[in-house]
Amino acid sequence: MKDCIFCKIVNKEIPAKVIAENERAIAFLDAFPISDGHVLVIPKKHYGDLGLCDEASLVDVIKLVKQVSNDIEATKKLDPWGFNYLSNQGKIAGQEVMHFHMHIIPKYEKDKGFMFRNEKGALNYATDEVYEFLTKAKYKSKTAKILQKATTKADKQTKK
Ligand code: 5GP
Ligand code: ZN
């Protein structure tokens with residue numbers, strides 16, 4: 001959709017730090033993270049919100065949420081304690097970008113509970129560093145590498 005910032009990211013008209021994608025969904029770092037490793041997962045097609053989204057896209061979005069949160073969890077430098085998965089629907093709920101998206105918000109001790117901070121000092125890393133951690137194998141734990149291999153093998157078997 002014209003004038004949609006997330007459609008522009010999908011179409012590579014504006015840059016984004018893309019972490020992963022599948023057929024119908026794409027995951028990239030939030031430009032204004034509220035915690036280290038804050039990622040957005042969106043359908044590649046434009047839908048205003050979850051209720052409007054087609055089911056195949058929803059499946060791909062949630063699959064990518066799972067994959068990326070496993071990746072974040074397995075990144076030695078980040079090592080979150082848990083996650084909040086969140087989607088704001090409607091201005092009243094805080095939705096600013098009217099293209100359906102899921103927030104993956106890694107949780108660390110200081111952000112305990114269903115609360116978020118974005119004041120200075122809430123982050124340990126710059127966005128460029130987080131991008132490195134999530135895209136370079138050297139930052140992954142051994143368990144992550146083993147899990148990744150197992151998942152790829154299982155995916156191949158399912159496709160047979
Ligand atoms: P909402 O408030 O709609 O649930 O979340 C929108 C999110 O998009 C916010 O967390 C905001 O920081 C992020 N955001 C807004 N503009 C951009 C952008 O141009 N690039 C990226 N990567 N994130 C953005
Ligand atoms: Zn859009």
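Author: The account below begins with the sheet and one of its strands, and then turns to a helix, the ligand and some loop residues.

The model is a predicted one, in which local features need pLDDT of at least 70 and side-chain atom pairs count only at pLDDT 80 or more, while totals for chains, interfaces and linings use all residues. Residues are numbered from 1 along each chain as its sequence is written, and chains are lettered from A and ligands numbered from 1 in the order in which they are written.

Strands of a sheet pair through backbone hydrogen bonds, either parallel or antiparallel. Here, five strands form an open sheet with the order E1-E2-E3-E5-E4, and the pairing is antiparallel. Strand E1 (18-21) and strand E4 (82-86) stand at the edges with a single partner strand each, so one side of each lacks a neighbour in the sheet. From one strand to the next, the twist averages 20 degrees, where axes are lines fitted to C-alpha atoms, for helices over the stretch in contact, and angles run from 0 to 180 degrees between N-to-C directions. Helices (H or I, at least four residues) and strands (E, at least two) are DSSP runs numbered from the N terminus, and two strands pair if DSSP finds at least two bridges between them.

Strand E3 comprises residues 39-43 and is joined by three bridges to strand E5 (residues 102-107), the two running antiparallel. In this pairing, Val 39 stands opposite Ile 104 of E5. E3 also pairs with strand E2 (residues 25-29), in the antiparallel sense and over five bridges; there, Ile 42 in E3 is the bridge partner of Ile 26.

How much of E3 is buried? Five of its five residues are, so E3 is largely enclosed by the rest of the structure. A residue is buried if 20 or more other C-beta atoms lie within 10 Å of its own, exposed if 12 or fewer, and partly exposed in between, with C-beta atoms placed from the backbone. Both faces of E3 are covered: one side carries Val 39, Val 41 and Pro 43, the other Leu 40 and Ile 42, all of them buried.

Helix H2 (residues 55-73) has 19 residues, which at 1.5 Å a residue should span 27 Å; its end C-alpha atoms are 27 Å apart, in agreement. The expected span is 1.5 Å times one less than the number of residues. Among the buried residues of H2 are Asp 60, Val 61, Leu 64 and Val 65.

Ligand 1 is surrounded by 13 residues, the closest being Ala 31, Phe 32, Asn 88, Glu 96 and Val 97; a residue is near a molecule or strand if its C-beta atom, placed from the backbone, lies within 6 Å of it.

Two loop residues complete the picture. Lys 12, in the loop between helix H1 (5-10) and E1, has phi near 60 degrees, a positive value in a residue other than glycine, and is exposed, with 9 other C-beta atoms within 10 Å. Asp 79, in the loop between H2 and E4, has phi near 50 degrees, likewise positive in a residue other than glycine; Asp 79 is partly exposed, with 14 other C-beta atoms within 10 Å.
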